[in-house]
Amino acid sequence: MALDAAERPVTLGAMEERQSRPSFRRPTTEGPVAKTILIALALGFLALFLVLPLVAVFIEAFRKGVGEFWGALGEPDTVAAIRLTLTVAAIAVPLNVVFGITAAWAIAKFEFKGKAFLTTLIDLPFSVSPVISGLVYVLLFGAGSFLGPWLKSHGIEILFAVPGIVLATVFVTFPFVARELIPLMQDQGTGDEEAAISLGASGWQAFWYVTLPNIKWGLLYGVLLCNARAMGEFGAVSVVSGHIRGLTNTMPLHIEILYNEYNFVAAFAVSTLLAGLALVTLVLKSFLEYRYGDEIAAAKKH
Amino acid sequence: MTTLAAASGWRFRRPSVIPGFGLTLGFTIAYLTLIVLIPLSGVAWRSSELGWPEFWALATDPRTVNALKISFGTSLIAALVNVVFGTIVAWVLVRYSFPGRRLVDAVVDLPFALPTAVAGISLAAIYAPNGWVGRWLGMVGIKAAFTPLGIVIALIFIGLPFVVRTVQPVMEEIDKEVEEAAATLGANRFQTIRSVILPGLAPALLTGFALALARAVGEYGSVIFIAGNIPYVSEIAPLLIVIRLEEFNYAGATAIAAIMLVISFLMLFLINLIQAWSRRRYGYGA
C-alpha cells in the first residue's frame, strides 16, 4: 500500500503535486460516499434503538418538574424498594464472587476430565429465560412441591419473601464472575503460583499475594457486570417476589407497579436511578477495557 | 513418578503442585448443583409427573402454541434485523475512524447494562401512539406499540450487542492482505466484501444470530410493556408462564417452561456446533 510513497524520491515539488491531486483511494476501503452512508446508518440505528430509550427515561422523569421527581423518589415504598434492591445485590454478588473465584481456580489451574462440560454447565443460566429462572424456585419451594409443606410447617418463608428473591438473583447472575475469570486465569497459566509455592508459600499465600493481584481488574469487571444485572433483574424476581409493596418489591418491580398505575413520572423517576447505574457501569466498564484491556480476558466477548 | 502415573492409565486429573483442587472443585460442583442443577431438574421432574397425554394436551393448547409462535416469530425477525445492522455497526466501529467512535463503541453495550424493565417502559413511551416515534409512525398508518411490531422493536434493542460483540473481534482479525489480493486480481470493493470478507465472517454472524435469537425468545421485562399482551396476538411465551403461575396452574406453566428449555438447550448445542465447525474451518471460535 505504502510502496509508492516509500520508493519515489520525496521532493517538495512531488509532495505538493501529490497534495493537489485528488486523493488516491486504497483498494481495501470503501469510497467516501459509501463510508458516509454506512456511518450514518450505524449511528442512526444506534441513536433510534439504543440512545433514544435512555434519553426518554430522563425526559419523562422530569416532565412535571424537579419537585415531582424528588417527591416520587421520597415515597416510603420507593425507599423500601431501593433498600431491598441494595440488600439483594449485597448478598447475591459476594456469593457469586466467591463461586466465580473458586470455579476459576479449579478450572484454570488444573487439568481434569470433564472440564469443558463443567464450563458449559456454569454458563447454563444464561440460556434460560429469566421467567423460567424464577419458575424453577416456585416449583422447588412452592405449595405443591416436595419441600413446600415441610418449609411451611417449620415457618420458613422462601417464596414471596426476601430469600426467594436472593436465590432467583443468584441464579440469574450465576455465570458473570466465573466466565470473566476462567479465560483470564487460563491465559495466565500456573507458572506464577508454582514459583510462589516452590519458594515456600502456602496455597492461601499464593492465592492472596500472587493470583489475586493478577486477576483484580478482571474480577472488578465481572463484579461490575454481575452487580448491574443483580440490581436490574426483573423477570426472575417478578415470579418469586409476590409483589408486596414495601416488603418484597425491588426497584424494577416497583417501576412496573407504578407504571401500571399510570404513575408515569414516579415510574420514570425510579428508572433514572437504574439508568444512572447502567451509565456508571458502562463508563467504568469502558475505562477498565481501555486502561487494563490486557488484564481483562474476553473483554470483547460479551 | 510421571512415568509411573502415566503407566497407571486413566487419570481424573493431571498432577500439580498447586493445592486446593479438591476444595475448589468440590465447592464449585456443590454450589452449581444446589443453585442451578437441582432447581432446573425440577422442571423435568414436574413435567414427567404430568404424564405424556396431559403434557401433550397442555403443550398443544392453542393459546400456548400461539404464544410460542409469536415468541419465535418476533425473535427471528429481530435477530435478522440485528444481524444486518449489527454487522454494519461492527464494520463502522472496526474500519472507520470518526469523532466519538469510542463513545459509540461503549453505547453498544447499553442493553446489557440497562435493566429490562426500564428499557421496557421507555420503549413503550416512545412508540405509544402519542410518543416521539409512535406519533410519526401513526401518521403513515403504522401502529408499533401494543402490536407484534412493538415486540420486535424491544427484541432488537435486547439482541443488538450479541451480534456486534460476536462479529467485531473477528472483523478486527481479518487480514488486509486478503483484500489487497482480491483487489489486485481485479475485484471491485463490492465483490471483495461479498466473496472474500462475508464468507469468513459467516460463522461469527451465525453465532451472533443464534445468541440474539436465544436471548430474545426468553426475554420478558423489556417486551411486556410495549407488547400490549393480547392473547393470540401479542402474548409471548414467557408472559404466558407468568399468567399460568398467577392462576396457580403450575402444570400449565411447567409444560411451557419445559418446551422452552428444550428449545434453548438445542440452540445452545447448535451454537457449540457452529463454534466447533468454525474453529476447524476458519481457525477461530466466533
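Leaving aside residues up to four places away in sequence, A:Ser133 touches A:Val128, A:Phe171, A:Val172 and A:Ala236; contact here means heavy atoms within 4.5 Å. A:Ser133 sits in helix 7 (residues 130-141) of chain A. Helices are DSSP runs (H or I, at least four residues), and strands are runs of E with at least two; both are numbered from the N terminus.

Is A:Ser133 buried or exposed? A:Ser133 has a relative accessible area of 1%, so it is buried. Buried means under 20% relative accessible area, exposed means over 50%, and partly exposed lies in between (1.4 Å probe, protein chains only).

## The model and its confidence

This is a predicted model, in which local features need pLDDT of at least 70 and side-chain atom pairs count only at pLDDT 80 or more, while totals for chains, interfaces and linings use all residues. Residues are numbered from 1 along each chain as its sequence is written, chains are lettered from A and ligands numbered from 1 in the order in which they are written, and side-chain values use heavy atoms, with hydrogens and water left out.

The pLDDT is the predictor's confidence in each residue, from 0 to 100. Chain A has an average pLDDT of 88, with 90% of its residues scoring at least 70. In residues 1-18 of chain A the pLDDT is below 50, and this stretch has nine contacts in the model beyond near neighbours in sequence. For chain B the mean pLDDT is 91, and 96% of the residues reach 70 or more. Residues 1-7 of chain B stay under 50, and the model gives them two contacts beyond four places in sequence. For the complex, the predictor gives an ipTM of 0.90 and a pTM of 0.89.

## Where two helices of the chains cross

Two packed helices are described by the angle between their axes and the distance between the axes. Helix 3 (residues 32-61) of chain A and helix 7 (residues 116-127) of chain B have axes that come within 9 Å and cross at roughly 90 degrees. Helix 3 of chain A is therefore roughly perpendicular to helix 7 of chain B. The residues in this contact include A:Leu48, A:Phe49 and A:Leu52 of helix 3 of chain A, and B:Val118, B:Ser122 and B:Leu123 of helix 7 of chain B.

Axes are lines fitted to C-alpha atoms, for helices over the stretch in contact, and angles run from 0 to 180 degrees between N-to-C directions. Angles under 35 degrees count as roughly parallel, over 145 as roughly antiparallel, 65 to 115 as roughly perpendicular and the rest as oblique.

## Helix 10 of chain A

Several residues of helix 10 of chain A are buried, among them A:Phe176, A:Leu181 and A:Met185. The buried residues of this helix pack against helix 5 (76-109), helix 6 (115-123), helix 9 (162-173) and helix 12 (203-232) of chain A. Just after helix 10, A:Gly189 has a positive phi of about 70 degrees.

## Two loop residues with positive phi

A:His243 is not a glycine, yet its phi is positive, at about 50 degrees. A:His243 belongs to the loop between helix 13 (235-241) and helix 14 (251-260) of chain A, and its relative accessible area of 27% makes it partly exposed.

A:Tyr262, also not a glycine, has a positive phi of about 60 degrees. A:Tyr262 lies in the loop between helix 14 and helix 15 (264-291) of chain A and counts as exposed at 66% relative accessibility.
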